Amino acid sequence: MVVLSLKICVRHCNVVKTMQFEPSTAVYDACRIIRERVPEAQTGQASDYGLFLSDEDPRKGIWLESGRTLDYYMLRNGDILEYKKKQRPQKIKMLDGAVKTVMVDDSKTVGELLVTICSRIGITNYEEYSLIQETVEEKKEDGMGTLKKDRTLLRDERKMEKLKAKLHTDDDLNWLDHSRTFREQGVDESETLLLRRKFFYSDQNVDSRDPVQLNLLYVQARDDILNGSHPVSFDKACEFGGIQAQIQFGPHIEHKHKPGFLDLKEFLPKEYIKQRGAEKKIFQVCHKGCATIFVYKCLFLACL
């Protein structure tokens, strides 16, 4: 009978045992046999562990699927398989600055993990969210040029599409591929990934009773307007600036909220900051007043 002789490394304690298996043995059964015969492997829950075929390039290593047989992976005598825990911690940052550490399965794809990540955070429409590698994004930002100021262009509504083409949009972000794992995309455990809404299927998916989703959506919409990812006209920018001013400072108080009170960088895209009458228009909108849910709704619709 043909047998397959493999070196099994129990990773958490670096114990290596040479074991023999029938090539037709399922990976699930191989893990069971390892736990039965190697005392060092008898820790934790069996379902949390698996077999990993490493490579010199960490991105090319693969987790063996439990339902496959060993001969499916064309293993040869003397090959080394790691028996180790599939769970790993991953830091997830939200746009409001909050950072959460979520335990994820290293063998699953990003698309599969988003279900887990979003449910832990309290987001139900996980299919509309994705993850960004901030470290790579920061490098890309450093090499970007700035958009030259052209007031004539900014005033012309018919040329908004041309302006949008010159700005930093969601297409430039380093979105992770949903069909591949974190490891395959070079995501290290020490990295912090940014959770951001990527797909806007319908505003009907926004639950006005869900404070977590509303807050994330509001922060993303606000930042996208301010950084130019979603270009808006000067009048519309002032309208949103007024809404934002009310969020931060409450209803307009004439004797308190005078010209020079606002730091316009927090309320307008940079191309409108020095526009004449900008702060006055913001205060006019703020003076009208609006409900909090209207704020979220308006900002959301502006980004569609």
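1. **Tyr72 and its neighbours.** In this predicted model, Tyr72 is partly exposed, with a relative accessibility of 45%. The charged end of Arg68 sits over the ring of Tyr72, 4.2 Å from the ring centre.

2. **Two stretches of surface and interior.** Of the chain's 304 residues, 43% count as buried. The accessible surface is about 17,100 Å². Carbon and sulfur atoms hold 49% of that surface. The secondary structure comes to 9 helices and 9 strands. Among contacts with a separation of 6 or more, 64% join residues 24 or more positions apart.

3. **Aromatic pairs.** The count is 4 aromatic pairs. One of them is Tyr49 with Tyr83, a stacked pair. Their centres are 5.3 Å apart, with 10° between the planes. Tyr49 belongs to strand 3 (residues 49-53) and Tyr83 to strand 5 (residues 80-85), so this pair ties together parts 34 residues apart in sequence. Tyr83 is buried at 0% relative accessible area. Tyr49 is buried too, at 11%. Another pair is Tyr72 with Tyr73, and its geometry is edge-to-face. Tyr73 is buried, at 13%, whereas Tyr72 is partly exposed.

4. Lys84 lies over the face of Phe52. The distance to the ring centre is 4.3 Å. Lys84 also takes part in a salt-bridge network with Arg11 and Glu82, joined through shared partners.

5. **The largest nonpolar core.** This core has 21 residues. Those with the most contacts inside it are Leu6, Ile8, Phe21, Ile34, Leu51, Leu70 and Tyr83. Which elements give it two or more residues? They are strand 1 (4-10), strand 2 (15-21), helix 1 (27-37), strand 3 and strand 5. Helix 1 gives the largest share, 5 residues. Tyr83, already met in the stacked pair, is thus part of this core as well. In soluble globular proteins, nonpolar side chains tend to be buried together.

6. **Leu6 in detail.** Leave aside residues up to four places away in sequence. Leu6 then touches Lys17, Thr18, Met19, Phe21, Leu70, Leu75, Arg76, Asp79 and Leu81. Two of these partners, Phe21 and Leu70, are also listed with Leu6 for the most contacts inside the core.

7. **A separate core.** Another core lies apart from the largest one. It has 19 residues, among them Met94, Val102, Ile121 and Tyr129.

8. **Helix 1.** Its buried residues are Val27, Ala30, Cys31, Ile33, Ile34 and Arg35. They pack against strand 1, strand 2, strand 3 and strand 5. Note that Arg35 is in the buried set.

9. Arg183 pairs with Asp106, with the closest N and O atoms 3.5 Å apart. Arg183 sits in the loop between helix 5 (160-166) and strand 9 (192-197). Asp106 sits in the loop between strand 7 (99-105) and helix 2 (110-121). The two are 77 residues apart. Are they buried or exposed? Arg183 is buried at 12% relative accessibility, and Asp106 is buried at 10%.

10. **Arg197 and Glu128.** This salt bridge has its closest N and O atoms 2.1 Å apart. Arg197 lies in strand 9, and Glu128 in the loop between helix 2 and strand 8 (129-133). The partners are 69 residues apart, so the pair links distant parts of the chain. Arg197 is buried at 1% relative accessibility. Glu128 is buried at 0%.

11. Lys236 forms a salt bridge with Glu239, the closest N and O atoms being 3.4 Å apart. Both lie in helix 7 (residues 234-249), 3 residues apart, about one turn of the helix. An α-helix has 3.6 residues a turn, so residues three or four places apart point the same way. Lys236 is partly exposed at 34% relative accessibility. Glu239 is partly exposed at 27%.

Terms used. Residues numbered from 1 in each chain as written. Predicted model: local features only at pLDDT ≥ 70, side-chain atom pairs only at ≥ 80, totals over all residues. Heavy atoms only, no water. Phe/Tyr/Trp six-rings, centres within 6.5 Å; stacked < 30°, edge-to-face > 60°. Helix = DSSP H or I, 4+ residues; strand = E, 2+ residues; numbered from the N terminus. Buried < 20%, exposed > 50% of the residue type's maximum accessible area, 1.4 Å probe, protein only. Lys NZ or Arg CZ within 6 Å of the ring centre and 35° of its normal. Core = buried A, V, L, I, M, F, W, Y, C linked by side-chain atoms within 4.5 Å. Contact = heavy atoms within 4.5 Å. Salt bridge = Lys/Arg side-chain N within 4 Å of Asp/Glu carboxyl O. Areas by Shrake-Rupley, 256 points an atom, 1.4 Å probe, with all protein chains shown as cover.
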